[in-house]
Amino acid sequence: MLYFEDFTEGRRFDYRPVLMQATDMIAFAREFDPQPMHLNEEAGRLSILGGLSASGWHTSAIGMRMMIDAFLGNSSSQGSPGIDFMEWKRPVLAGDLLSGFSLVLESRQSKSKPAIGIVKFRNEIDNQNGEAVAVSECSVMFRRRDTEQRP
C-alpha cells in the first residue's frame with residue numbers, strides 16, 4: 001500500500017501498454033462523444049485526424065485506468081481536488097499502442113487536513129512511436145502513513 005510518504009519528488013510510475021481497438025473507440029464515442037471522426041473510419045479519414053480516432057475523453061479515461069493499474073489501485077488515495085491542465089497533443093488512431101507514466105512533481109501536507117498529503121503529478125501518454133498523445137497535470141490526495149493508525 002502506497003501512502004503520501006511514498007510519493008517523493010521525481011518518482012516515476014510507468015504504465016502498462018494498452019492497444020486501442022476500433023470497436024472500443026466506437027463504443028465509447030457512441031456513448032460519450034458521438035462525433036463522426038470517432039464513429040466511422042471514412043469520416044475519420046476525411047477529417048484532419050487522418051483516420052478513426054479516439055475521443056480525447058476516451059484517451060483520458062484510458063489514462064485514468066493506466067494510473068489505477070500503475071499505482072493508484074494500491075494506494076491510500078482519497079481522490080483529487082482537480083486537474084491543472086489536460087492536453088490532447090495528437091490523434092489516437094485505431095491500432096495505436098499507448099503507454100506512458102506519471103511523475104511526481106511535488107508533494108505537501110494538507111494545511112486543513114493533517115492526515116492527508118497532496119501530490120502533484122505530470123501524466124503523459126505516448127503512442128508506439130514515443131510521441132506524446134496526451135499530457136496532464138493533476139493533484140491527488142493520499143492518507144499519510146504516520147497518521148493512519150491514530151484514532
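Is Trp-88 buried, partly exposed or exposed? With a relative accessible area of 41%, Trp-88 is partly exposed, where buried means under 20% relative accessible area, exposed over 50% and partly exposed in between, found with a 1.4 Å probe and protein chains only.

The legends below describe a predicted model, in which local features need pLDDT of at least 70 and side-chain atom pairs count only at pLDDT 80 or more, whereas totals for chains, interfaces and linings use all residues. Residues are numbered from 1 along each chain as its sequence is written, and side-chain values use heavy atoms, with hydrogens and water left out.

**Figure 1. The whole protein, with five helices and six strands.** Helices (H or I, at least four residues) and strands (E, at least two) are DSSP runs, numbered from the N terminus, and in the protein they follow the order β-β-α-α-α-α-β-β-β-β-α from that end. The C-alpha atoms fill a box of roughly 60 × 30 × 25 Å, taken along the principal axes, and 40% of the 151 residues count as buried. A contact is a pair with heavy atoms within 4.5 Å; of the contacts with a separation of 6 or more, 70% come from residues 24 or more positions apart.

**Figure 2. The salt bridge between Asp-6 and Arg-145.** A salt bridge is a side-chain nitrogen of Lys or Arg within 4 Å of a carboxyl oxygen of Asp or Glu, and the structure holds twelve of them. In the bridge between Asp-6 and Arg-145, the closest N and O atoms are 2.6 Å apart. Asp-6 lies in the segment before β1 (12-14) and Arg-145 in helix α5 (residues 145-148), so this pair ties together parts that are 139 residues apart in sequence. Arg-145 is partly exposed, with a relative accessible area of 37%.

**Figure 3. The salt bridge between Arg-90 and Glu-131.** The side chains of these two residues meet with an N to O distance of 3.5 Å. The pair links distant parts of the chain, 41 residues apart, since Arg-90 is in the loop between β3 and β4 (97-109), while Glu-131 is in the loop between β5 (116-126) and β6. Both partners are partly exposed, Arg-90 with a relative accessible area of 37% and Glu-131 with one of 29%.

**Figure 4. Glu-137 and its network of salt bridges.** The side chains of Arg-122 and Glu-137 meet in a salt bridge, at 3.8 Å from N to O. Arg-122 lies in strand β5 and Glu-137 in strand β6, so the pair ties together parts that are 15 residues apart in sequence. Arg-122 is partly exposed, with a relative accessible area of 25%, whereas Glu-137 counts as buried, at 14% relative accessibility. Leaving aside neighbours within four places in sequence, Glu-137 is in contact with several residues, among them Ile-83, Phe-85, Leu-105 and Phe-121.

**Figure 5. Asp-14 in strand β1.** Not counting residues up to four places away in sequence, Asp-14 touches Ala-70, Gly-100 and Phe-101. The C-alpha atoms of Asp-14 and Met-67 are separated by 8.6 Å, although these residues are 53 residues apart along the chain.

**Figure 6. Ile-48 in the loop between α3 (41-46) and α4 (56-70).** Ile-48 counts as exposed, at 87% relative accessibility. Between the C-alpha atoms of Ile-48 and Met-37, which are eleven residues apart along the chain, the separation is 9.1 Å.
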